Amino acid sequence: EVGFGVVPFENSYTGEVGEVLDLLMRYDVYINDIYDLRISQNLLGVKEATLEDIKQVYSKDQAIYQSKKFLEGRGYELIPYPNTALAAE
């Protein structure tokens, strides 16, 4: 049983986080407080790789969209994943 949790409710790039809103409607939970957190996206790669070596980028669709300015025009294949942790694996 969990007393409190932190979930992404919305972000300034993509708006509401749909999966979280669905879960809030499904379970008997309450929002106690809101905290605005600035997020910095990072590109994870293999050791010694350069940006030119990258062919594919795996990430949560929202994270891809949030990094759109950086990723555009680089020729990367953008591959959506269920979440960023799985994509990092």
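Me: How many salt bridges does the count come to?
Reply: In this predicted model, Lys 60 forms a salt bridge with Asp 61. The closest N and O atoms of Lys 60 and Asp 61 are 3.1 Å apart, and the cut-off is 4 Å. By this rule the count comes to one.

Me: Is Lys 60 buried or exposed?
Reply: Lys 60 is found in strand S3. Its relative accessibility is 16%, and the limit for the buried class is under 20%, so Lys 60 counts as buried.

Me: Which class of accessibility does Asp 61 fall into?
Reply: Asp 61 makes a polar contact, side chain to side chain, with Lys 60 at 3.1 Å. The relative accessible area of Asp 61 is 43%. That value lies between the limits of 20% and 50%, so Asp 61 is partly exposed.

Me: What is the geometry of the pair formed by the rings of Tyr 58 and Tyr 81?
Reply: The count comes to one aromatic pair. The ring centres of Tyr 58 and Tyr 81 are 5.5 Å apart, within the 6.5 Å limit. Their planes stand at 85°, which is over 60, so the pair is edge-to-face.

Me: How many residues apart in sequence are the parts that the Tyr 58 and Tyr 81 pair ties together?
Reply: Tyr 58 lies in strand S3 (residues 56-60), and Tyr 81 lies in strand S4 (residues 77-81). Tyr 58 is partly exposed at 35%, and Tyr 81 is partly exposed at 33%.

Me: Where is Ser 67, and which backbone oxygen does its side chain reach?
Reply: Ser 67 is placed in the loop between helix H2 (61-66) and helix H3 (68-71). Ser 67 counts as buried, at 16% relative accessibility. At 3.0 Å, its side chain reaches the backbone oxygen of Ala 63.

Me: Where is confidence lowest in the protein?
Reply: The mean pLDDT of the protein is 85, and 91% of its residues reach 70 or more. Confidence is highest in S4, at 95. Where pLDDT is low, predicted coordinates should not be read in detail. Confidence is lowest, at a mean of 58, in strand S2 (residues 15-16).

Definitions and conventions:
Residues are numbered from 1 along each chain as its sequence is written. This is a predicted model: local features need pLDDT of at least 70, side-chain atom pairs count only at pLDDT 80 or more; totals for chains, interfaces and linings use all residues. Side-chain values use heavy atoms; hydrogens and water are left out. Rings of Phe, Tyr and Trp (its six-membered ring) pair if their centres lie within 6.5 Å; planes under 30 degrees apart count as stacked, over 60 as edge-to-face and the rest as tilted. Helices (H or I, at least four residues) and strands (E, at least two) are DSSP runs, numbered from the N terminus. Buried means under 20% relative accessible area, exposed over 50%, partly exposed in between (1.4 Å probe, protein chains only). pLDDT is the predictor's confidence in each residue, from 0 to 100. A polar contact is a pair of N or O atoms within 3.5 Å; within protein, one must be able to donate a hydrogen and the other to accept it, and residues adjacent in sequence count only if both atoms are side-chain atoms. A salt bridge is a side-chain nitrogen of Lys or Arg within 4 Å of a carboxyl oxygen of Asp or Glu.
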